[in-house]
Amino acid sequence: MTTDHKTDYRSTVFLPQTDFPMRGGLPEKEPEILARWKEIDLHAALRAQAEGRERFVLHDGPPYANGSIHIGHALNKILKDVIVRGHQMLGFDAPYVPGWDCHGLPIEWKIEEQYRAKGLDKDDVPVLQFRAECRAFAAHWKDVQSGEFQRLGVIGDWDHPYMTMTKKAEAQILRELYKFVDNGLLYKGVKPVMWSVVEKTALAEAEIEYQDHTSTTLWIAFPIIKTETAALKDAKVVIWTTTPWTIPANRAIAYGDFDYTVLRVDGVGENALAHIGDILVVADNLYETFLDDSKITEATKLATLKADNLKGTIAAHPFRGRDGSEGAFDYDVPLYRGAFVTLDAGTGFVHIAPGHGEDDFNLGKEYGIAFDETVGDDGRYLPNVKGFAGLCVYTADGKTGDANGAVIRALIEKEALLAKRNIKHAYPHSWRSKAPLIFRTTPQWFIAMDKKIEGQNKTLREVALDAIAKTEWFPAIGENRIRGMVESRPDWCISRQRAWGVPIALFLHKETGAILRDKEVMNRVAAAFDEDGADAWYARPAQDFLGNSYRADDYTQVFDVVDVWFESGSTHAFCLNTALNGNEWPTLSLPATLYLEGSDQHRGWFQSSLLEGCGTLGHAPFEKVLTHGFTLDEQGRKMSKSLGNTVAPQDVYNKMGADILRLWVVSSDFTEDQRIGPDILKQTSDLYRRFRNTLRYLLGALSEFDEAERLDTKAMPELERWILHRLHTVDSIVRTDMARFDLGHLLMTLHNFCNADLSALYFDIRKDSLYCDDKDSIRRRATRTVMDLIFNHLVVWLAPILCFTAEEAWVTRGRQGSVHLQNVPTVPDSWKNDALAKKWELIRAVRRVVTGAMELARKEKKIGAPLQAHPHVYGSKELWASLEGVDLAEIAICSALSLHEDQIPDQAFRLDDVAGVGVMIDLAEGKKCERCWQILPEVGSHADHPDLCTRCRRVVTRRQEGGTSASS
RNA sequence: GGGCUUGUAGCUCAGCUGGUUAGAGCGCGCGCUUGAUAAGCGUGAGGUCGUAAGUUCAAAUCUUACCAGGCCCA
């Protein structure tokens, strides 16, 4: 027989067949799958399926509805979706109701900006119209974001999301606020804020622009009137300030933790204001610069003091006893330690006006310093500032007023001024009017942290700290972070002087200032909110709410709105509490099983929800809290538009597919900051390809799989039983990983399974059986049965992550419904077989020596394909005994293989980590079977099929006779 | 500046309470295969474990400082 005219047996080989393409084409395919889910109403089916199951309630932290989603939103929502889908498949009822934060400043700005573009002023627009436009704006972006989130594959109740601006929500937020009236924690206090005298309004941090501004700076001496340190007797403390107009409001002086020098002035230069003989105190490090600044030419250091020596010292206000002051400045000015004092500039002493600075206010609070308001909302001194009343800090058009000049003249008159200069520095200005701002105390509403809750013997802080301890934090370190914050946080300021929000709908008695705590009135207000939303507060006359018992003239109505953090902190009340949400989401329940947000929410939503829950329910609204980090660029740098290193989720799902983005989320360690960029996404695609091809191979191998082929597991070869054992192992890992949200480990387990167990080992070994064995052979039936099982498990394991691809595979397999309606299949414990696993570890070790030896032979051009080889494997009798029943030739994919118990030849190939095994490679003897490509001695001995081995000849012959059938 | 936190191969990640030559996958190089083929298999080269001190018989693992990031504050 010549080799010229060999029969082509390709058509007799059972090659894999599938419509599941190698390349996903996800950007086109995913929208089709989304449409299919809509068609079969997957969400409703999920809910119906889970009725009565144990609940797993992930409560959505509401994103802010003012723009398209960015990568951080995508990460957050994908994580939620993977966990929700995963738990549903593990047998929970895991509903997901998305939510939106709709009120607040950023939306107000946008609307205001639109007004300004039209040359309109916000203040000229009726408040209800303004609110309506804010509402429309939020509704628009809610819709945009909803579409983007759904495109990511996130499944949930998108037709019925919660929103903080619905009537029901606004009414419930108000009721939550009223609970803090009831429990006595809500109080009115003051707080320094950035104030614009031009707009007569407080400004939020984001409305402030820092611009260069020239300020008059003063060096001012405060005479010491009481001290326990001898060196300070008759001395004066020197402060430095850039805001002369705050001097009348001075109440204290702060010093830092460094050395101070007491000096005597011995000589002064021209125009100096200091006097010879003055004894002054400044920080030792700033001694030289001070002399320079104040034109003191000669001085003597009298003493150097430690910070502790300043403790208990009391100075007098420079205006003490000033004519016309009526004793208004005769109070003591104590010295206190302040951590914020630095040596960057000045004298090491900071003058403290508690009404006009954040540090000042906090220090004042710490030491209980009493102070009056000194500057009115128009920037003028109030009448109580004797000798300065009516003078102006900044004028109505934003220019410097006459207050500074008057203060300077008075300081000179009292011989307290040591020096005066101008400096140019960054100073806060209004984003709107561009006018400079001042710090000014304003009345605000607070929730007390350290007051006993009425009816309880505990403070809100204590209840909150208890609740933190009872909560499970993922990662555990999150607990420290929030505990530290709650331990040290000040009272919660919940008021904002804004229009787009839920008003703090209270009536205050005009004379006493007391809150009207009348249940009937509050119920009427809340009922009005139920009907008309918070607009009711603006639209209806006060008397409507007050009823017959009170006169509107006796009360002022509060029009501050509540901080949006209070609103989002209340979402559990109107969303999770089925009694309060009107049964709108009957499958939700309180407390939620899980809150899942970025780590910044330790200060934000986690904390506001915690405080709100603790104040109104006595416990946290969550049982577990999972946090993720932030998304950085490929170099680990923060993303920013100016750096041009942002990755838009829309680009990823439009160009690569949402499954790639989902895979990226799961493959990164999301508990810490994670990186994304072109290279990382490329790598994610490679990762995706492995999963896709594994599914594809299974689908191809299972083409036309008939139930009649299914083989009882007991009848299967060891290799199949080992795969079943692996399924058992992976299954238990999937379950524990999902339960502890360790998605990274879960993914790696699945990847290794696909890679090492399936692709490199099982699929490779079983190709021969799959392609060439007769359809009714036990081996092939076992293979197909196990591959069917692998598919069933793998597709469900992957479904929460690759939600689109898993569904595509599911449908391609010809299954009904949706993969997402499956539970993770249970694995019979009989599949677990540790002894077999151990045996296969050994087999794989021996296999590695064989493949290693073949690789060497290939390098030496001795062989090409493994089927050309006949390895001689040397090992001990015990080794071969322990591998009883294993066909190593099949496992190493060789045409033949011999085992030897003899001494390992010196030239045999060995591996360091596989002791006692050596391999020599010979060429397999015989001819190549043209069907299965094995090289076997019997090829050529069959007259009818001279190019086939015995096995292939039988298969081909039976096919020709039409006698093969899977059921036979 | 403060609180919390991160820094292991080009990339994504493992390395438990300190203990033999620091692991995996991807990517890359090389080879095989051409019946998973814009795929599959095998194999190889890549790491002073951010830097520097210290504790210890022994440190990627503990301590301190520094450098470079991140979140939240100031």
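# Briefing on chain A, a predicted model

Of the 968 residues in chain A, 55% are buried, where buried means under 20% relative accessible area, exposed over 50% and partly exposed in between, with a 1.4 Å probe and protein chains only. This is a predicted model, in which local features need pLDDT of at least 70 and side-chain atom pairs count only at pLDDT 80 or more, while totals for chains, interfaces and linings use all residues; side-chain values use heavy atoms, with hydrogens and water left out. Residues are numbered from 1 along each chain as its sequence is written, and chains are lettered from A and ligands numbered from 1 in the order in which they are written.

**Overall form**

- Chain A has 28 helices and 32 strands, taken as DSSP runs (H or I of at least four residues for helices, E of at least two for strands) and numbered from the N terminus.
- The radius of gyration of chain A is 39 Å, well over the 30 Å that the globule rule gives for 968 residues, so the chain is more spread out than a compact globule. That radius is taken over C-alpha atoms, and the rule is 2.2 Å times the number of residues to the power 0.38.
- The C-alpha trace of chain A spans about 130 × 75 × 55 Å along its principal axes.
- Of the contacts in chain A between residues at least 6 apart in sequence, 76% join residues at least 24 apart; contact means heavy atoms within 4.5 Å.

**Surface and charge**

- Chain A has 115 positive and 138 negative charges, and their mean positions are 3 Å apart. Lys and Arg count as positive and Asp and Glu as negative, without His and the chain ends; each charge is placed at NZ of Lys, CZ of Arg, CG of Asp or CD of Glu.

**Helix 3**

- Helix 3 (residues 71-89) has 19 residues and reaches 27 Å from its first C-alpha to its last, close to the 27 Å expected at 1.5 Å a residue. The expected span is 1.5 Å times one less than the number of residues.
- Helix 3 is mostly covered, with 18 of its 19 residues buried.
- Glycine 91, which follows helix 3, has a positive phi near 105°.

**Cis peptide bonds**

- The bond from phenylalanine 474 to proline 475 is cis, with omega near -10°. Proline 475 lies in the loop between strand 17 (472-474) and helix 11 (478-488).
- The bond from leucine 590 to proline 591 is also cis, with omega near 0°. Proline 591 lies in the loop between helix 16 (571-576) and strand 23 (592-598).

- Phenylalanine 741 has a positive phi of about 60° although it is not a glycine. Its loop joins helix 21 (718-739) and helix 22 (743-772), and phenylalanine 741 counts as buried at 4% relative accessibility.
- Tryptophan 933, also not a glycine, has a positive phi near 65°. Tryptophan 933 sits in the loop between strand 31 (927-928) and strand 32 (935-936) and is exposed, with a relative accessible area of 53%.

**Threonine 227**

- Threonine 227 is in the loop between strand 6 (208-226) and strand 7 (236-241). Threonine 227 is partly exposed, with a relative accessible area of 24%.
- Apart from neighbours within four places in sequence, threonine 227 is in contact with Leu232, Lys233 and Thr313.
- Threonine 227 and tyrosine 9 are 218 residues apart in sequence and 108 Å apart in space, C-alpha to C-alpha.
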